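Have the model open as you read.

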Amino acid sequence: MGVPLFDTSTPLAPLRGELRAAVERVLDSERYILGPEVAAFEREFAAYCGCEHAVGVANGTDAITIALRALGVGPGDEVVVPSFTFYASAEAIPPTGATPVFCDIDPGTYCVTAETVRAALTPRTKAVIAVHLFGNLAPVAEIEALGVPVLEDAAQAAGSRVVAPAHADSAAGGVAKPTSDAVRPGALGAAGTFSFFPSKNLGCFGDGGMITTSDEAVAERARTLRSHGSHDKVTYELLGYNSRLDELQAAILRVQLPHLEGWADGRRQAGRHYEEAGLGELVRLPRAVEGTSPAWHLYVVAHPEVQRLESALADAGIGHKAYYRTPVHRQAAMRQWGAGVELPATDEAARTHLAIPLSPVLTREQVDEVVAAARGV
Ligand SMILES: Cc1ncc(COP(=O)(O)O)c(C=O)c1O
């Protein structure tokens, strides 16, 4: 039969009528940029995340650059970022004038930890980008306990949540911090960023992004930066960007947001199916960060001879993809910041990982088909 790597159309099929109506609503309004749909979606998304403000921008990459600048990052600063992530997590740093400093990950969760971040801190560190990779949630409270603000790159983590209080004081040598009652990515750190690229857990029909924060000053600076550095298009106080979420995308996202929870449960369920079907006897399964419930964006397993797994899946028509075979610090464009950096867990993850099918509607039968193919390795 074959199983696709992901399925974005089946979950949207029942919403087609509502989506068409939303597009019509925007056409009728004749408002296309920063109008009522964006304002409403910003309110609804902030409420969903459990934070005070959401600022819609053009994509998840701009969201990181603008959020860093809104947090005060600039020339001469360093920003710690994992190297095992999508390239944009690091690419977004140099445009602020700051320098990316690469850190390692926990190879079981694929996320940064307080220990891997600590190894990369210097007196010039101004912020840490904690990437919630594949939907897993990096331990934000433990990292902030090191005394640095965290920008959450939550591009892959819409729908994930914290299920147990963070133990900020358990980070060795960390400063105990009151436990926040935030449970959603985007509300766990100083600010968060999201991508609404179509294949994401919450995706629009083009490019889109969001910055979330509960800090009024950070939100206000982000709003100014996304509109050419101006409040009123008359006076220009900052060197900014033309980076706005548009009305059509916001209207489309408003139709989908109420379904995100259900889709996230479907993603969790698919992960449980893989566990119950015995996939863990054949490959290394992803491990949820302690106290979190990931809405898996990608289900990424590891195998020491991953090419054999790739061949077995290909022969059975099972979708699979190695997303980050070359880690970011080894990419040519990052040479000036990546040369000489040694990150053993990152290299190991890059060599052995493989994403296998996952979507909110992946069935137990499809999971069994994937597992049967993996048995052929
Ligand atoms: C972890 C991560 N960060 C940042 C981005 C950038 O988002 P965008 O493609 O919307 O610019 C993406 C997604 O593409 C991502 O997966």
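Helices (H or I, at least four residues) and strands (E, at least two) are DSSP runs, numbered from the N terminus. Going by that, Glu152 sits in strand β5 (residues 150–153). This is a predicted model, where local features need pLDDT of at least 70, side-chain atom pairs count only at pLDDT 80 or more, and totals for chains, interfaces and linings use all residues. Residues are numbered from 1 along each chain as its sequence is written, and side-chain values use heavy atoms, with hydrogens and water left out.

**Around the ligand**
- The shell has 13 residues, and Gly60, Thr61, Asp153, Ser195 and Lys200 come nearest (near means a heavy atom within 4 Å).
- Helices α4 (60–70) and α5 (88–91) are the elements that give two or more residues to that shell.

- Ligand oxygen atoms lie 2.5 Å from a side-chain N or O of Thr61, 2.7 Å from one of Ser195 and 2.9 Å from a polar side-chain atom of Gln156.

**Glu152**
- Glu152 is buried, at 0% relative accessible area (buried means under 20%, exposed over 50%, partly exposed in between, with a 1.4 Å probe and protein chains only).
- Its side chain makes a polar contact with the side chain of His132 at 2.8 Å.
- The Glu152 side chain also reaches the backbone nitrogen of Leu188, at 2.8 Å.

Note on methods: A polar contact is a pair of N or O atoms within 3.5 Å; within protein, one must be able to donate a hydrogen and the other to accept it, and residues adjacent in sequence count only if both atoms are side-chain atoms.
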